[in-house]
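These are my notebook entries on one structure. I set down what I looked up, entry by entry.

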Amino acid sequence: IIHGLAAGSEPMPRWSLRGPFFVLGAILVFALTIRPFGLAFAGPVAMLLASFGDPDTRAREIIPLAIVLPALCIGLFKYALRLPIPVAPPLLGY
């Protein structure tokens with residue numbers, strides 16, 4: 001506290017609302033899309049939306065992650081743990 005109040009210290013940098021906005025938005029989108037569209041759609045969409053929160057994120061990093069991570073989640077939650085999580089829309093029957 002003393003160091004922060006010292007006359008020679010730098011002020012704290014301003015932080016952006018971009019990160020919390022996109023991450024909370026991704027959580028909301030995931031919650032709204034998991035039941036009607038399934039994990040195969042809701043997972044990648046939420047990950048892509050959350051990635052907009054960081055200006056340094058590149059598409060070549062996030063797109064493979066948005067494909068592989070939901071596939072691993074489907075394998076874990078649907079098949080290994082046998083949880084009743086929708087994988088695809090009900091029209092497709094998965």
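I began at Val-29, which is found in helix α2 (residues 18-37); helices here are DSSP runs of H or I with at least four residues, strands are E runs of at least two, and both are numbered from the N terminus. I noted that the model is predicted, that local features need pLDDT of at least 70 and side-chain atom pairs pLDDT 80 or more, while totals for chains, interfaces and linings use all residues. I also noted that residues are numbered from 1 along each chain as its sequence is written, and that side-chain values use heavy atoms, with hydrogens and water left out.

Leaving aside neighbours within four places in sequence, I found Val-29 in contact with Val-45 and Leu-49, where contact means heavy atoms within 4.5 Å. From Val-29 to Ala-42 I read a C-alpha to C-alpha distance of 7.6 Å, at 13 residues apart in sequence.

Leu-24 also has its place in helix α2. Leu-24 is exposed, since its relative accessible area is 58%. Its C-alpha atom is separated by 9.7 Å from that of Gly-53, 29 residues apart along the chain.

Next I looked up the pair α3 and α4. The axes of helix α3 (residues 39-51) and α4 come within 9 Å and cross at roughly 140°; axes are lines fitted to C-alpha atoms, for helices over the stretch in contact, and angles run from 0 to 180 degrees between N-to-C directions. The crossing of α3 and α4 is right-handed, a term for the near helix being turned clockwise from the far one by less than a right angle, with anticlockwise being left-handed. Among the residues that meet there, I list Gly-43, Met-47 and Leu-48 in α3, and Ile-63, Ala-66 and Leu-69 in α4.

Which residues form the nonpolar patch on the surface? I found Leu-48, Ile-63, Leu-65, Ile-67, Val-68, Leu-69 and Leu-72, with about 610 Å² of accessible area together. Patches are made of residues with over 30% relative accessible area and no salt bridge, like charges being joined within 9 Å and nonpolar side chains (Val, Leu, Ile, Met, Phe, Trp, Tyr) within 5 Å. The largest share of the patch, six residues, comes from helix α4 (residues 59-80). Ile-63 lies in α4 and counts as partly exposed because its relative accessibility is 43%.

I then looked for salt bridges (a side-chain nitrogen of Lys or Arg within 4 Å of a carboxyl oxygen of Asp or Glu). The structure holds one. Arg-58 forms a salt bridge with Glu-61, with the closest N and O atoms 2.7 Å apart. Arg-58 is partly exposed at 43% relative accessible area, and Glu-61 is partly exposed at 40%.

In the segment after α4 I stopped at Arg-82. Arg-82 is not a glycine, yet has a positive phi of about 55°. Most residues other than glycine have a negative phi. Arg-82 is exposed, since its relative accessible area is 70%.

My last entry concerns the chain. The chain has four helices and zero strands. Of its 94 residues, 19% count as buried. The accessible surface comes to about 7400 Å², of which 74% belongs to carbon and sulfur atoms; accessible areas come from the Shrake-Rupley method with a 1.4 Å probe, and for residues only the protein chains shown count as cover.

How values were computed: Buried means under 20% relative accessible area, exposed over 50%, partly exposed in between (1.4 Å probe, protein chains only).
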